[in-house]
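Here's a quick tour of some charged pairs and a bit of greasy surface. Have a look at the structure first, then read on.

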Amino acid sequence: SRFLLVILTMAFHPPAVADAKAQKALDAAVDVPAGPANVRVTRSVKRRKIAEGLLGAEVITEAEYGNHETFQARCTADATGGVAGEEEPAWFAPALAAALDANIAGIKADIAGIKSNIEGIKANLVNINARQSNMVAIGQSDPLAPLIDGAGNVDPNFPATLGALNTIMTGPALTASLTFYGQEAEGSDEDRRTQFKKFIGIRL
């Protein structure tokens with residue numbers, strides 16, 4: 001019932017700390033719900049570990065950290081059906097380890113996503129510089145700066161000079177280069193050559 005849920009929420013409300021920023025960090029990182037019990041245990045452990053770090057940084061007090069230890073023990077006792085300090089049942093340690101492993105896997109996935117975004121930003125910066133260099137290419141012998149794709153690869157058919165782009169690159173090569181950079185090749189050879197020039201930053 002709603003009344004029982006309120007009672008459980010009050011009973012397992014995580015302890016507060018005086019420092020507002022520390023409190024915000026604890027609440028944002030780990031929300032300890034009213035149930036189920038095994039989820040409360042996992043999250044109370046994470047919250048206590050964060051509190052331990054805050055204690056080491058002298059952001060919270062020993063007493064505030066002690067409250068988090070007590071809270072973890074209370075959540076553990078509720079999950080095991082005993083009292084704080086009682087030995088956990090055989091299922092508890094594997095279940096807790098599995099839950100923590102799942103959380104770690106999620107964190108690793110987030111880090112991988114961040115790394116991918118950083119690589120994308122790096123590629124954008126390289127391509128901005130390349131396009132700026134290509135903007136001043138006027139003579140047929142002027143060199144062209146190659147662009148890279150999202151993985152940092154350079155088109156193996158990228159023309160070395162403006163002259164090579166104007167004379168050597170034919171329809172199939174232009175199509176391959178546009179496709180390499182994720183562009184849709186359309187129209188005649190000259191249309192695709194113009195499209196490629198615009199893409200790499202050459203002034204028309």
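## A nonpolar patch

Ile 121, Leu 125 and Ile 128 make up a nonpolar patch on the surface, with about 280 Å² of accessible area together. Patches here take residues with over 30% relative accessible area and no salt bridge, joining nonpolar side chains (Val, Leu, Ile, Met, Phe, Trp, Tyr) within 5 Å and like charges within 9 Å. Areas come from the Shrake-Rupley method with a 1.4 Å probe, and for residues only the protein chains shown count as cover. Leu 125 sits in helix α5 (residues 92-134); helices are DSSP runs (H or I, at least four residues), numbered from the N terminus.

## About the model

This is a predicted model, where local features need pLDDT of at least 70, side-chain atom pairs count only at pLDDT 80 or more, and totals for chains, interfaces and linings use all residues. Numbering runs from 1 along each chain as its sequence is written, and side-chain values use heavy atoms, leaving out hydrogens and water.

## Salt bridges

There are four salt bridges (a side-chain nitrogen of Lys or Arg within 4 Å of a carboxyl oxygen of Asp or Glu). One of them pairs Asp 27 with Arg 47 at 3.0 Å, N to O. That pair links distant parts of the chain, 20 residues apart: Asp 27 is in helix α2 (residues 20-29) and Arg 47 in helix α3 (residues 37-56). Arg 47 is buried at 1% relative accessible area, while Asp 27 is partly exposed at 42%; buried means under 20%, exposed over 50%, and partly exposed in between (1.4 Å probe, protein chains only).

Arg 48 and Glu 52 also form a salt bridge (3.0 Å, N to O), sitting four residues apart in helix α3, about one turn of the helix.

Key. Helices (H or I, at least four residues) and strands (E, at least two) are DSSP runs, numbered from the N terminus.
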